[in-house]
Structure formats: C-alpha cells, structure tokens
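Please read the following briefing alongside the sequence and the coordinates. It is arranged by topic.

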Amino acid sequence: MKNTHRMLCRLLLALLLMGMVSACNDFVNDVDPPVDQIDGNRLTQESQMPFLMAGVQQRFATTYGQTIVLADALSDALFFDSEVPGAVLRSFEDIDFGEIELDNSSVEAQFVDLGELRFLADDLLRRAQEITFDDADLERQVFFVGNLYGGIARYLYATYTGLDETTGGGVLDGGPFVPAREMYRLAIERLQSALVYISDGYDESVLNSIIARCQLFSGNQAEAAAFAGRGLMAGDPPFQAKYNSESANFYWAQAGRGQTQFVVGDRFALFLEDDEAESTRVKIEEILGFDDETVYWRQKRYAGIDAPIPFISWQENELMLAELDLRANRVQEALDRVNAVRAFYQLSQLQGFEFDLDVLVDEREKTLFLQGLRLPDQRRFDLFDHLEEGAWQYLPITESERNNNPNLD
Amino acid sequence: MDFGRSANHAARARHLRTTTLILLTCLANTAFSQTASVGGIVMDRRTGQPLAGANIVVVGTRLGAAADEFGRYLITGVPTGARTVRASYLGYRTKTTRTQIKAIGALSGKIVDNVTGKPISGIQVSIKGTEFTTTTDDTGGYDFRDLESGSYVIQIKKNGYQPLESMVSVKANEVKFFLKEDIIRGEEIVVTGIASRTAKSVAEVAASRVHAPAFTEKLSYSTTSQLLNGKLAGVQVRQSSGNVGGGFRFDMRSGGGLNGNEQPIIYVDGVRIDNAEIFGFEVGGQGVNLLAELNPEEIENIEVLKGPAGAVSYGTDGSNGVVLVTTRRGAYSADGAKARFNYKITNGWNTQASDYSPGELLSAADANSVLRTGSVLQNTLNASGGSESVRYFAALDSRIEEGILKPNRLDRKNLRANIDFLPNDRLVVSASTSFTLSKMQRPSNDNNVFGYLINTTISPTSYEFVGGGRSAIENIDDDNESNRFVGSLRAEYQPTDFFSTRVSLGLDDHDFEQEQLYPVTETYNEATFDAGLRNHFSRKSRAVTAGFDGRLSISPNRDLNVSLVGGVQLFDRQLETFSTQRYDFLTPLITTLKAGSQQSTIDQTSLHERQAGVFSEANVAIANRYFLSLKLRRDFASRIGRDAASIYYPGASLAWRLDSFRWFPGLLRLFKLRAAYGETGILPSSLDAIDLVFRPESGAYGAGGIAARAGNSKLKPERVRELELGLDAELGGRLAAELTYYKQKANDSIFEIPRAPSTGLPSAPINVGEIEGSGLETLVHASILRTKAIDVSMSFINSWQRNEVRDIGSVQPIFDSFSLNVIKEGLAKHEFYTEPFLGALFNDDGTYYGPDYGDAPLAHGNPLPSYTGSWTLNFQLFGSLRLYALVDWATGHKIWNGSRSQSYLAGNNPAYNLLATQLGIAGTFEADGVAWDVEPVAGVDPFTPGTREYVEAGEAFARMDPFVDSNFIEDADFIKLRELSLGYSLKGILPQTWKRSGLRDITLTLSGQNLFTSTKYSGPEVEVNWSGARDLERGQDYFTLQIPRTYSVTLNVAF
C-alpha cells in the first residue's frame, strides 16, 4: 500500500513535470508574427511574386542612383569643395580625389546595395523556377525582371567596381574576383535570357541597347553594333530608374537641390557660354560658396526628389552607333547620328570638318550628362587625367568584402 | 539575553516549530489583560548613538516597530508571555532577546494546536515547583494570579501531544538593545536564486548589494547608473555621454560571452523591465535610456548577481548577470497607521567639467560658449507606515534637470505606491505600483553634422556645416515623452511550517513618443531640412512577468535542514514602433505632420516574444557549517531556433563556515569559503531563428520585398559557464574582506557574422567560437574609529578582469563599423586593432612625404579597463556632521579620440598647423592630403628640407596624421573624485516644541559629483562611450558630450 502510494506520487509528479514542459513549449510558440517582416520561406506563391519584383526594381533604383553619383564624383564631371554650403561628407571628398580608403562609408553603402540587387534578382528567378504559374503573363514578367536586373547588376560591377586602382571587375555571391570582361559576359548572358521573356518590342529594344553598351565597354565592337542596331530608336522613351519622396533620387539628395555635396565641373558652364542652347542638355544652375562670392555650378537635371534617372536611351544608342561607325571609318553615318541627337535637343548641326572622336566624346558627355557614363568614357578614351597618378579609377571592392570573402586574397 | 548566533537560533527555532504543540504564555500589565506593551531603546553598542529606523519585531507575531530618531520603540498589543524580541539594523548584527512580557501578579495565556491553530481545552498547565495548577478552558485559555516576580517553569501535558516545559519570568517589559556593528553585513538577506534568499553569511555565491538610502541621503542621483558607480566590485556602470537622461551601460565582470549587448537583465520588484536604449530619430548616437526613468529615491536595494554562477536559476539571458531592484516598503509603527513623512528638496547645478583649451583647438572659445550651467531641482515627498495587517510606502518625486548643452533637459515625475497586506501569519500579499511621466529634450551632438561639438570643434570656423549657424542647431526640437507603469502583485502563503508557496504577476507597460522638428525658419543646407522637417516616432512596449514556485523545508534532525524549491517563470513581451517623417512646410506657423508637403519615411514594426523556464533547487544546510545547493533550469523561448536542442542550465554551489569550528581563531568572527558553478545563456535576437526575412521597402515601384535579415533555424542560446571561488571574512569586528575569483567560458556564442556584401545577404547569426574570461574582485571594509564622538569607516574595492577570444571558427575578424574594434582570436574582445604608426617618410629631396604605417593591423589595447576600483570614506562627528567621499579609478584601457583626428584634419589644432607650416605644406595638396585645410601660421617660415629641425617636424607631424587611426588611440587611465558630500543633522538641537509637533529631523547637505579627474587622456571626458553607445563600438570618442560636474544643496525634513 505504501509502495503504491509512493508510486502514485511519483507518477503524478512526473505527469506534472511533463505537463509543465509541454505547456511551456506551447506557451513560447504561441506568438504573433511581426507585421513588418515575413519569413522568406512563406514567399513561395505566385501571388507573392509582384511583391518580390517590386523589391528588385526598388533596389535597382537606389543602387543605380548611388552608383552614378559616386562614379561621376570620381570622374571629372563632379567635384567636392568644402566651401560649398552642404558639402560636408569626407567620404565624398575622398572619392572626388580618387584617394579612396577601402572602408569608405559611401562606397560601402553602394557596394552593399549592389550586392542586394544581384541577390534579389537571382533569388527571384530561383523562387520562380519552383512555382507552377497559373498566370502566364505574370510568369513572363517575373523571369523578365529577374534576368534584366540580374544582368544590370553584373553590368554595374563590371563598369564601376575594381579590385585595385585600375583593374575593373566585381565579385558575385562571395566568390572570387571576376574581371570586368568576364563580368560583362555574365551580364550579357542574363540580358539575353531576358530577351526570351519580353512583352513587346520596346522591351526588346531596351535589352538590345543595354547589351550593346556591355559589348562596347568590353571592346566587342562588332557585337555592339549588332545589338545597338536593334536597340532603342528615336521616339522611344528612355528606360529609367524611378524615385519618389520615400525613395529619393540620390542625385537630388546628395548632389543637387536636396543637398549640395558635389558641384559640377566649371567646364559645363563654359559649354553654356559657348552655346546657350546647350542648356537643353547641360542643366546647371549657379550657387554661391560660403564666402557669398565664389560661384559654383549645381546640376538641375534632377531638380526634384522624384526625378527619374535614365539608364539607357535612344540618344545613347545613337551615340554608340555613331562611335562604332566612326571607329569603322563611316564618318558621315556617324555624323548623321550625332546630328540626329543634337536635333532632338534643338542644337545646331555639326559639320563634317569639325567632327572626330574627340567631338563624339564631348557629345556623349553633354548628352549623357550625369548618367554615370563619364567615368567609363574617361577610361575608354584615355582621358582619366584629372587626378594624380595612382588614383582610383573604380570604386574599390570594399574592406567588408575583402574581410569576409575568403575567396578574395 | 543573547541566544548567540542568529543562524544557530534560526535552526533551533525551525526545529522547535516541528513539534506538535505550541505554547503561548502571556504576562499582562494588569491581572486581567492578555496583552502588554514592550518598549525600549536601540543603540550602537560602541558609540551609544541611537539607531533611528532600527527594526524591532516580536518573533512569531506580526508585531513590530521602527525605532524613532532617539532610538526608542514601543510595541503594543503583545501577547503576554515568553517572547523573542529581535532588533535589526542595516550594518549591525541582529540581536535577539528572549524575554517575559509580564503583568505583575498574573500569568495567563492560550494553548493552540500548532497545525490547525485550534484552541485546546482541558489541558493541564502547572507551574513547576509550586502548587499552581489549572486546566485550559474552551478557548484554550489559562490564568494564574497572585504570582511573585521571578522565574517560573510552566509545564504542559496532554495525551497525543509532546509534553512541553517553558521558562517564564515575571519582570518589567523593557528591552534594551545595544547592537554591534556587522562589518561584513553577514546577516543581510541576499538573493541567491530566483526563489532563494539567504543570509549573506551563509551564501554560496558572491552577493553584491547597494543599499540605496545609504547613498541617496547623501547625494541627489539623477539615475541608477550614478547610484551604482564605484559601489560594487566587478560591476561598472558608465554613462555613454554627458546628456541628462542619456544612455548608460553595464560592464559585468569580464563580459560574459561574445554576443548580445552584454547587458544584464533587470527586475524591479520581481518585474522584468525593459532596459532598452531608444534612439528613434537619432540626434547623433545618444539614445534615451529607459533605466533613467527609475527614480533612485524610491529604491531600497539593488542586488547584483554578477554572472552565471549566481544567476543560473534565472536561465537564458542571465549570462551577463541579473540586477534585482527592490523599492522601499512601509514598516509597522507602534502608533498604528500613523504615517511618517519625509520631504527632500535638492537644488543643484550641472557645469562644464573640462574646458576646451585654445592650445588644443583654435575654436575653443566657440566650443566652450555652447556649454552652459544647467539647473537641477528635485522634490521628493514620501510617506510610510503600517499596522499589523497593512503596511504602505508612497512617494511622489519630481526632478527637473538641465544638461550642459542646450536644450538638453529632463523633467521626470515619479509616483509610487507599495502596499503589503498581512491578513494572518500565513499570508502576505504585496502590491507594488509605480507611474513615471518623463519628458526629455536631447541636444544634437555626436556623429551628427548638425551637432554642436562637430560644428565648434572640427574646424577653426564654427558652424560651417550648417547654413543657419548656431541658432539653426539651437532651434532643433527633440522632445521625448515617456509614460510608464510598472506594477506587480505577489502573494506568499505558508500553509504549514514546512511548506510555502509564492505566486507573482508583474507588468511593465511603457509608451514612448518622440517629436523632432527642424524649424521652417532655419537653414541647414539640406533641402529635406531647409523648409522644415518633422519626425514622429512612437514605441509601445508591454511586458508581463509571471511566476509560481513552492518551497518544501525539511529538518530530519537539528543539524540538517533541507529545502526543495520548484517553480515556473513566464515572460511575455510585445513591442510596437511607428515612425514617420514629413518635410517641406509652407508656413512656420503650422508644422503638424499633415502640413508637411513631402513624405519621406513611414514605418511600422512589431515584435511578440515569449520565454518560459521550469526551475528546481535543492538547498542543504548541515550543522550550520556546510551549505550546499543544486540547481537546474529548463528553458523555452520563441527566439530559439525550432531545430535547436533542448536548453538546460545546471548549477551547484557550496559554502563552508570554518569559524564554526571550536579550533578556529575567535578573532575571525566569520570565515567562509565558497565555491559556485553555474551555466546560463543569451538568447538570439528576435527573428534570428528564421533563415531569411523580407521586409517591404517603399519607393516609386510600390512597396517591394527586400531581404532584411538572414537567420539560422538551428540557432541556440550562447552558453556561458562560470566557476566562482571566494572567501568572506570578518576580523575583530573591525575589518571585513571579501575576495572572489571567477573564471568564465562561453561557447556557442551567437554572433552577427557580417557576410561579404557580394552575397547580397545581411549579416547572419551563428553559434560560433569560444571566449574565456577571468577576474579577481576584492572588497575590504574597515571600521577605523568608532566612539561616541567620531565614527570613521572606509571601503576599498578593486577588480581585475581579462578576457580572450579563443576561437571564432572560420569567421574572419569581426570589426565595428569604423574598423577599429575587433573580435579576433587571441585578443580581448573589442580590442583596438588597426595599422600601427611607424614613422615619417621623406622624399628623395628631403621633403615630407607622409606617415609610414604597417601593412597589417596590430592590437593597440582595449577600451575596457583591466583594473577598476574605488575608495569610500564615511566620517561622522557627534552623529550630526557627516562627510562622505568616493574616489574611483580605472586603468589598463584605451580610447580612440576621433574628435581630435578630425580637428587636426580641418586645421583646428595650433600645433598641427605650426608643423604643417614648418614643413611648408600648410594649405597645399602635398603630404597625402593631410594639410589641405590648414591655414599657414603667420610669421612662421618653413624649415629647409633635410635639416634636423625639418626631419623632427616631419616626425611629429606624421605622428599626428589624422588618417592613421593608431595615432589617436590614447591611454585612458583615470582617477576621479566621483562623489563628495557634507551633511549636518539638526536633530540634536531641534526645539522641543518642534519635536512635539511631529518634526523628527532636519538635515542640510552640500554635495558634488564628478569633481576632479586626473588622466592623461587628451579629450574633455575620459569616460564617454567607454562601453559604447552602439553595438560593437567601444571606447570611441567622437564628439560626445562630456559628463558634467554637479553641485547640489539638499534639505531633508523628516516628520
């Protein structure tokens, strides 16, 4: 009897303990999910793809904005002067001088965003491949967006980041350094994949123009000409990054009316002095330094917080074709293309005797004013002479990447 | 009559309670009364000073009293008979006296069953050696009359009950207590576990306690951090900046594990409270610390379990220790519910402790001009009292304090009401409630381009970063408002002498709102700000703490006491935040959010988390000599990965009182060896257990999904183990010493491992690596001189700690965002790790080229001190004049002076500018860009390159190169006169008429804090950001406000 009683007590105690353990377990797992974040494993349905596509596009906009401001700062398009009201960020100053520490915070922010853009685009494709879509048009859009922006991310690595001062290229997913030429190839591969999922001729033209640029920057002139020939044409709207007040145009925010950390080079004012009509391309305005006397020039191409930034346009496509014509000694064809662009801006027509590659470079600079293309042009046309020898010609692969990527020595 | 050591007595008393019959013998003042009064005086045995506030209780009843300012006490309604009366007073040995509460010629009483409490009738009661014999009536009562004064033995017999004899004496009911100082505070009851309390003299772990009133009566503390500064061995509490109401951080021992925020969990009256530092829309790095809302005037005790050895029963989150705050409570007073009031008013001034020197900064005058003298005004009124069944404490407090940087201001109102209900001897129900309304304005500072110090100490031309100049900064409004309710309800029930149970429920309900406005009329050179900008941030936090435990006490024989404890603890927390930003206002007259024409930010977050723990303890005391505890806790938490294993935390501890042996030298009144081992952990962050988390990011494409956080479903808590060895000793009643050595080891540390940005994934937490730490804590307290006229005592605390990261797996060294502090194998955590300065380089033509620094980073010291300590002096003259001083120090640590490097770069340092001029590079693009902004010093000719003076200038200039971080890592050893107060009590000279009207005491105190600092550190404040204001960053001084010097005058009136 006594043993039975003892056994019953032990059993009750054990049951009580088990009950408590079970209750505690249930208690801690019965929590409300957060309202502002979601487990990525739940984003596997067709209906969630628009949310992820918008994320890719949003990251493209922020990445592209940062990239071209920093690239223009490193080029001779923009400069930093602490006498300009609003110019306070030392990391910008370092970029302007091409003396960029590997832990430069502004470069770090851009590099992180670029990594995210690449991941989000690739992740979108990975998720989409595991879904059986009911909506064929949505499926096409998803694969188009994933490939397009995955390609653009690789293009940005190839064009703007570098392992050292003069070696362009990037890193994908913690892998080894990928030289620019190979990175362009990877970009083109993605962009060509996107061609499979276009919805109309415009999409096709945009992709061809971007591929043409990649080929051109890779030095593949024949391929560049082929794609540019199927690229955007006069009248086509530009393919551009979009902004609003919640996601500001970085040019406006850091090198414009939002805050003037950078001003444009004085030669842009000279362009206007030479020809007032250039104001249709070179949009700048005068501001004064702290001394209220020194005149600086600030861009007003992106005058508002929500001003879109062109990524590629028919004008650039024409100028690429003009360059390729010129390099192939088809001077008149090249001149015609340049004049077509100038006509759009209501500028006078250039004559044959005043047209050569230098003029074309100037035309590119004015037409593609503050689109981040001056830096690759300075490198391509051997014009990178505004900084001391040894200055960075790329935005460096950052210290955080070097510290945390075992595949980088 | 002294019954000897209280622990012996307690053991004997417990033994007696297990008998089945209880005797209540009563002597009355009159022949027919069953109750009487007992009164007397409580004094210091050596000095004869009355011990006002001493607690006197009649053991076994709910009766008690607090001694008045003359040490007198009176307890009425005491059942007549043999009674144990006990007097206790903080810092003195408890004295227990067995006495007869008598009435001349009469002896009466009542017999009840010990278990049922029912009266026992028909029991024979006789007085031994006399013919007096009687039988109890229906109420259990008996009554003898016509007795002579003297001692008697009462005999009680009844079948079924053990016979009992008890000695009683018939004499006067006056009991005087002359207490000896308890130099080691061995009789203080300290916390040793979640459901365990024991006397410090038998505690198996290092018990650290700050008795707050002992300090708040001398100084007016703004925050709990100030209250704890220098008071505890192995615990440092440091302000992150000089902002009033700003952040502070704990540094516990050698820092526990590798991960987490290294902060302890904090309970106030059993409620786990939110101790976050809220940043909202930042003003440059300094947040609002929620612990700043805790009013030091309401605190009775702060106890700290410093590591896993002591905190094992608190489970996960306890690896950085547990801080237990108990607030003040009411005490029984002889005059029933009559309240005792205390009013305290403090008027003070916060002033600049350290001037900026023109020899260091060209802009020193501007920097000094922005610092002001801020006023401090605090009013506190509290009331306490109690009867047999109800005790209460209530306090109303207002503190308005201005910081030294406009517009920094704190306006804090605290209301507290604590009530204890004691309906019978077996049940106590306690309720604690507090409400805090806090308003704070933060100044713009630190890493903030609109900050005062950045604008006045970087460049020789002040305010060049902000268009509108000083007024643009002054007119930034940053208003933070906090409403907080912390309440708890606890019931303790002891149905039998061997079993007790406790249930508790607590709530910490906190609402925080921040309104930040950049005025429309000011210019900031940023469009977002130039037409006005309003930020709104709100945060709601609700945390519920609930617990239940039971204790079973068994005494198989008089030398063995065993208690078994089991219980469950639950914690539920919900947190919501909302933030929005609008700008571009068309009129300065309307600046509501709606009036802003542009929306730039809107965000909302929520968090719901739960924790639970099932714990058990077994405590064994053998012959009042050996004390052993075993503990085990099983933890559950919503933050733990679903694929992680079950979490158990074991612990064991042992204490050995050598002084209990006869052979032990009597001079050592207490000599205890102790050893404790325990394990706890740190939980992952919320959502860490989810592999990949997406959040929406709004833009022109809509709100798209962005990868916000990478997690790890196998994540388990970091596990921290600690072994603690120590001894406590008291020598001759004059000297007390506590020595504790500990060794900590953490593994499975949770760490945010930064991923290569090219992965596109955020940093992810993993269980990685190992860290070891150890330390030695010493506390010596000496009573130097104790006479009727003079009382002098001193305390000395010294702590040493070290830690070393042993393994971080395959992970690369982990840097903070400024790449200065590192987590790296072979180094202490947070070590400064950067390229070393090697010298100056010169071109072939002898001109200066730049600094030479190493290719690879090296360790340059640690931001956390190896040694910390304090020295405290208490001096008292005639019990009226009191002098108190606290000096503390820290050595063996470094600070990176980022402010200095920036001022060099901008040409704001005369010595740097002179060298640049002498080198001929001031204002040029030479020398790696370090002298671009330097104006050449007028009248100074450049040296000739290649000459000795040129080379020396080059070497000195290179050593100041602002791009070489190691040039700015400085020794930060210091010694501070932290606190000083001089008080005078008018109690002895108060007119009798005032005393009769109820006035008990008036005390006037003059005090100062942060009065003097000696350090080699070149910045204005050696302590700022010692512990960092942000994760991973430690010891980085980047335009952080200095801690002010505070003077105050306090008037305290007791009535």
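In which sense do strand β20 and β21(B) pair, and over how many bridges? In this predicted model, strand β20 (residues 265-268) of chain B pairs with β21(B) in the antiparallel sense, over two bridges.

**The open sheet in chain B**
- Strands β20 and β21 belong to an open sheet of five strands in chain B, which runs in the order β17-β24-β25-β20-β21 and has mixed pairing.
- The edges are taken by β17 (208-211) and β21 (271-272) of chain B, each of which has a single partner strand, so one side of each is left without a neighbour in the sheet.
- Within the pairing of β20 and β21(B), B:V268 stands opposite B:V271 in β21(B).

**The contact between the chains**
- Chain A contributes 63 residues to the contact and chain B contributes 60 residues.
- On the side of chain B that touches chain A, the elements that give two or more residues include α8 (527-530), β34 (560-585), β39 (692-699) and β40, while β35(B) gives the most, with 14 residues.
- That side of chain B is made up, by class, of 27 nonpolar, 24 polar and nine charged residues.
- Strand β1 (residues 38-39) of chain A pairs with β39(B) in the antiparallel sense over two bridges, and A:D39 stands opposite B:V693 there.

**The surroundings of B:A708**
- B:A708 lies in strand β40 (residues 702-710) of chain B and is partly exposed, with 17 other C-beta atoms within 10 Å.
- Leaving aside neighbours within four places in sequence, B:A708 is in contact with A:Q37 of the other chain as well as with B:V693, B:F694, B:R695 and B:P762.

Technical notes. Residues numbered from 1 in each chain as written. Chains lettered and ligands numbered in written order. Predicted model: local features only at pLDDT ≥ 70, side-chain atom pairs only at ≥ 80, totals over all residues. Helix = DSSP H or I, 4+ residues; strand = E, 2+ residues; numbered from the N terminus. Buried ≥ 20, exposed ≤ 12 C-beta atoms within 10 Å, placed from the backbone. Contact = placed C-beta atoms within 7 Å. Pairing = 2+ DSSP bridges. Nonpolar A, V, L, I, M, F, W, Y, C, P; charged D, E, K, R; others polar.
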